[in-house]
Amino acid sequence: MTDWALAAGGGDQEAADRFVRATYEDVRRFVAYLSADVPGADDLAQETYLRAMSGLARFAGRSCARTWLLSIARRVVIDRHRTAAVRPRTADTADWQGAAERVQPRHLPGFDESVAVFDALHRLDPARRQAFVLTQVLGLSYEEAADAAGCPVGTVRSRVARARRELAGQWRTEPGERVMAAVGPALS
């Protein structure tokens, strides 16, 4: 993947295409978890790739390209939060709640479990959630997650351990054992 990024930085269009295809789903999932905006994840992923492609010629390969890309994605989400804080969105309709409910997918397999996991993740401290998602959902090593988060490896390890404990505690106190079955491997 890093070789594709380096080649793309040198102008190789095919390498750029391979790089984007190989990393797109990871970037999209990462920004969806960080932003709490699953429908807007594609827009955030596109913004990530716009920034990455414009800076690809400067990518020196000192770290894994995936780590570099996820750190860009993290900054894109932070910038989106800052923008939203300054300029909150308004609804175009008086019945904004009804409009939001109509566009929510309801008949997808595992929707209830996905919502429960999403809610549980968002109850975590943001730093713990980021470490957990990077290592347990996206499958990054602790070293890669530390690079992406900009903190030491030991900090990532402790954040993941604490996130696991908090998530397990949430599921012990809430009804719905189906949730544990859905994410059990990630917590063991």
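## Stop one: a buried arginine

Select arginine 66 and aspartate 26: their side chains make a polar contact at 3.1 Å. (A polar contact is a pair of N or O atoms within 3.5 Å; within protein, one must be able to donate a hydrogen and the other to accept it, and residues adjacent in sequence count only if both atoms are side-chain atoms.) Before you go on, know that this is a predicted model, where local features need pLDDT of at least 70 and side-chain atom pairs count only at pLDDT 80 or more, while totals for chains, interfaces and linings use all residues. Residues are numbered from 1 along each chain as its sequence is written, and side-chain values use heavy atoms, with hydrogens and water left out.

Is arginine 66 buried or exposed? It counts as buried because its relative accessibility is 15%. (Buried means under 20% relative accessible area, exposed over 50%, partly exposed in between, with a 1.4 Å probe and protein chains only.)

Now show what arginine 66 touches. Leaving aside neighbours within four places in sequence, its contacts are Met1, Asp26, Leu138, Gly139 and Leu140. (Contact means heavy atoms within 4.5 Å.) Arginine 66 itself is part of helix α4, residues 65-86. (Helices are DSSP runs of H or I with at least four residues, numbered from the N terminus.)

## Stop two: leucine 44

Next, pick leucine 44, in helix α3 (residues 41-55). This leucine is buried, with a relative accessible area of 1%. Beyond its neighbours within four places in sequence, leucine 44 is in contact with Val31, Ser35, Val76, Val77 and Arg80. Try the distance tool on leucine 44 and arginine 80: they sit 36 residues apart in sequence, and 8.3 Å apart in space, C-alpha to C-alpha.

## Stop three: where α3 meets α4

Colour both helices. The axes of α3 and α4 come within 9 Å and cross at roughly 125°. (Axes are lines fitted to C-alpha atoms, for helices over the stretch in contact, and angles run from 0 to 180 degrees between N-to-C directions.) That makes α3 oblique to α4. (Angles under 35 degrees count as roughly parallel, over 145 as roughly antiparallel, 65 to 115 as roughly perpendicular and the rest as oblique.) Among the residues making this contact are Leu44, Tyr49 and Ala52 of α3, and Trp68, Ile72 and Val76 of α4.

## Last stop: α1 and α2

Finally, select residues 2-9 (helix α1) and 13-35 (helix α2), whose axes come within 8 Å and cross at roughly 140°. So α1 is oblique to α2.

How values were computed: Helices (H or I, at least four residues) and strands (E, at least two) are DSSP runs, numbered from the N terminus.
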